[in-house]
Amino acid sequence: MTIFVHMKRFLPLVMGVCITAVSAQDGAPSLDLLKKYLTGSFTNAAQAAKDSTLAVIDLELRRIWLRDTDGVWLYEEQVLRGTKNTHLQGLHHLTRRDDSTWVLAEYRLDSLYLFAGAYRDVARFNGVKPSDTRPLPGCEALLHWRDGRFVGSTPENGCMESGEGSTRMTIAI
């Protein structure tokens with residue numbers, strides 16, 4: 001598995017961890033198993049220890065909008081270790097396209113900055129709904145289950161990003 005990241009995003013690292021963990025199971029994994037692997041607390045501390053150009057980022061991924069039956073919604077919050085300030089936030093929608101394909105799409109919410117720290121209390125999202133979000137063009141990773149592992153990527157031109165210091169993100173798995 002190779003992951004190419006052309007911006008300051010951490011989700012590809014999480015996907016790498018998840019894909020490695022899921023690849024050991026027989027048959028196509030369920031959406032429930034994927035959401036289990038994609039939620040929690042993550043860090044790139046081990047990777048940053050080997051690469052002095054990387055800052056240590058702590059990432060929290062939590063399920064939101066639990067009553068929505070169209071896939072799984074995730075809230076992502078990244079914090080630069082040593083600070084208390086939110087470095088980056090994101091919304092992701094995970095859906096199953098068919099027996100062997102999942103889609104992980106990134107979405108925007110104009111008021112997302114107001115939700116800093118919401119990984120501690122996802123009920124803060126109860127006042128908004130998925131229809132309040134908008135998809136980011138090209139920010140849809142197609143994950144295909146083949147031969148006991150995931151393969152896939154974002155589109156060739158990558159995801160246009162508006163985060164500080166970023167231009168595009170490409171994930172190849």
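This is a predicted model: local features need pLDDT of at least 70, side-chain atom pairs count only at pLDDT 80 or more; totals for chains, interfaces and linings use all residues.

Modeller: Happy to! Residues are numbered from 1 along each chain as its sequence is written, and side-chain values use heavy atoms, leaving out hydrogens and water.

Colleague: How are the rings of F115 and F125 arranged: stacked or edge-to-face?

Modeller: Rings of Phe, Tyr and Trp (its six-membered ring) pair if their centres lie within 6.5 Å; planes under 30 degrees apart count as stacked, over 60 as edge-to-face and the rest as tilted. For F115 and F125 the centres are 4.4 Å apart and the planes are at 10°. That is why the pair is stacked.

Colleague: Is F125 buried or exposed?

Modeller: The cut-off for buried is under 20% relative accessible area. F125 has 0% relative accessibility, so F125 counts as buried.

Colleague: Which residues do ring pairs link into a cluster?

Modeller: A search of the whole structure finds 5 aromatic pairs. Ring pairs join these residues into a cluster: W65, W73, Y75, Y107, F115 and F125.

Colleague: What is the order of the strands in the open sheet?

Modeller: Strands (E, at least two residues) and helices (H or I, at least four) are DSSP runs, numbered from the N terminus, and two strands pair if DSSP finds at least two bridges between them. The open sheet has 7 strands with antiparallel pairing. Their order is β1-β2-β3-β4-β5-β6-β7.

Colleague: Which are the edge strands?

Modeller: An edge strand here pairs on one side only.

Colleague: With which side chain does the side chain of T101 make a polar contact?

Modeller: T101 is found in strand β5 (residues 101-108), and at 4% relative accessibility T101 counts as buried. A polar contact is a pair of N or O atoms within 3.5 Å; within protein, one must be able to donate a hydrogen and the other to accept it, and residues adjacent in sequence count only if both atoms are side-chain atoms. At 3.1 Å, the partner of the T101 side chain is the side chain of H144.

Conventions
Buried means under 20% relative accessible area, exposed over 50%, partly exposed in between (1.4 Å probe, protein chains only).
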